[in-house]
Amino acid sequence: MKSKDRNYFKILRAGINTTYQDLGRNNLYHIGIPFSGAMDKRNFQLLNSLLQNDYNSPVIEFAYQGPHLRYFGKDIFFCISGNVSFKIITKEGVIDGNSYQCYLLKNGDEVDIRSTNKSVYGYFSINGTFGVDYYWGSCSINTQAQIGPNNGNKFSKDLEIEIIDINNSFNKRKLDYLGSTIENIRVIKGTNYDYFSESSQNKFFKESFKITKLSDRMGMRLEGPKIENIVDPNIKSEGLVKGVIQITSAGDPIIMLSDHGTIGGYPKIATVISADYDRLVQLTPGSNIKFKDVSLEDAETLYKLYQMESNNLISQIK
Amino acid sequence: MIKNILNLGDAALYCDFGSDVNQEINSNVIKYFYQIKKLNLKGITNLTPSYNKLIISYDLNIHSFLSLKKKIENIEIKENNKLEKNLIKIPVCCDNNFALDIKRVENKLKLKSEIILEKFFSKNYFCYMTGFVAGMPFLGDLNQEMRLKRLETPRVKVPKGSVGITEQFCNIYTFETPGGWNILGNTPQNIFDTSNQSNPNLVNPGDTIKFYRITLDQYNEIKR
């Protein structure tokens, strides 16, 4: 490809854990490959809807601090979702951008994604398609197993992000949305709930747990009251799903997130309901979590309501 | 053959085949796994077989717990449904640089290293499941006198290719990951092949593994 025909971003600063993500890969747990995919599915979905992209188009995910990008090529629009502070640097000057709003970029313009605010993950994409390779039907980068484009590694400085397709009939769109936060994380009791003493079961739901810095795309480690195991600190290793809360031998909860190990041998005290997962992953280290017990039937209804809310937001994009 | 089906959270079925770990129960798990996989049911997003459980993840937009549970309960497994079993030979080098825990194992089992390795290599091992990290096979069973617990403090990094034992099981570290198994050697063979999209795993549940010992020169030859 002649360089003048190329449309691409050059990474001036990679940010933290910056990767390509889409909806992830299914039906591979049995060989040890987790779903992966965008951590916050709602913000992933809103971003592709804002940009009128295919619902499973690749986006760039970042944590805490995003990349600083310089654009080369013909005019293009970009958009950012999540609670994110960023600057747009053009020949005319520097402006602060707003999430859920599309902006024009010309050759040589820059986007400096400074930080996520009171949240972990943010998403960046364009009215078009990034040039990515697919592994088992997904372009999601799983850095732990080194699966995905960029040799399964997170982005680094000087990497060039190719754009293979631009939607020329695109019109600027926006959504007025401030994000969604949550007081308590709702859970369903786990298959090993009776491994824990009654007083620990009570503590689990009455007291709060602090999210530690040992949290990433694989899991979220919590600290708080020790959860006392009265049966066996280990079980025979068995499958895990995202949202499962295991209690380690030390008595601390660890929540499985999108890149989690597919099997594990710690007892499961509870599982975060699907409706609360997007909001769970956005909680920052240092903040506190309180768990609330709900029934399976309620969890199924709450998920339907959450999806309706997402669809409602999409219909408000104009 | 499934004793009980519970829910794991709101988007997965937890099929319980019993609490023991043996090849009979595990073979039932694997039969169900292959049968459900073959049915290719819409909205099933993952199947995770393990020693004595099968977890079925599903899309909440398509199934609810009760409706899918009914479908799974109605699945018939033919008794003569034979498992496809492959015998796979895997070279292992037990040079001192690779046998990271041989001294610990000698002390714990009160056996000399040569005896330990002789016993280890004299047996074929059954693959119960793969996972935790991509392609890692969980194999068994070790003879009674070869069983010991995992390291008190897990290693932060276990080298790729390490072959380890704990309790009645052995495994192969397909990636450099944290881990607490007792490492006896290292294989130069690639157990998980990211570039092979259709069948990345060298070892699959139901397969039989025969480890054979190689020298450091042979190891380097294969590695090259």
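Of the 142 residues in the largest nonpolar core, B:Ala12, B:Ile56 and B:Leu184 touch the most other members. A nonpolar core is a set of buried Ala, Val, Leu, Ile, Met, Phe, Trp, Tyr and Cys residues joined through C-beta atoms within 7 Å. This is a predicted model, in which local features need pLDDT of at least 70 and side-chain atom pairs count only at pLDDT 80 or more, while totals for chains, interfaces and linings use all residues. Residues are numbered from 1 along each chain as its sequence is written, and chains are lettered from A and ligands numbered from 1 in the order in which they are written.

Reader: Which residues does B:Ile56 touch, leaving out those up to four places away in sequence?
Author: B:Ile56 touches B:Ala12, B:Leu13, B:Cys15, B:Ile36, B:Ile44, B:Leu47 and B:Ile72. Contact is when two C-beta atoms, placed from the backbone, lie within 7 Å.

Reader: What domains does chain B have?
Author: Domain 1 (4-73) and domain 2 (87-223); the bounds come from an automatic or database domain assignment. Their C-alpha centres lie 28 Å apart.

Reader: How many residues are in the contact between them?
Author: Seven from domain 1 of chain B and six from domain 2 of chain B. On the domain 1 side, α1 (23-39) and β3 of chain B each supply at least two residues. α1(B) gives the most there, with three residues. Helices (H or I, at least four residues) and strands (E, at least two) are DSSP runs, numbered from the N terminus.

Reader: Switching to the chains. How many residues of chain B are in contact with chain A?
Author: 37 residues of chain B, against 29 residues of chain A.

Reader: Which element of chain B gives the most to that side?
Author: β3(B), with five residues.

Reader: And how do the residues on the chain B side divide?
Author: Into 20 nonpolar, 15 polar and two charged. Ala, Val, Leu, Ile, Met, Phe, Trp, Tyr, Cys and Pro count as nonpolar, Asp, Glu, Lys and Arg as charged, and the others, Gly among them, as polar.

Reader: Now A:Asp252. Where is it found?
Author: A:Asp252 is in the loop between β17 (244-247) and β18 (253-256) of chain A.

Reader: Why is A:Asp252 classed as partly exposed?
Author: Because A:Asp252 has 19 other C-beta atoms within 10 Å. Buried takes 20 or more other C-beta atoms within 10 Å, exposed 12 or fewer, and partly exposed is in between, with C-beta atoms placed from the backbone.

Reader: What does A:Asp252 touch, not counting residues up to four places away in sequence?
Author: A:Arg221, A:Leu222 and A:Glu223.
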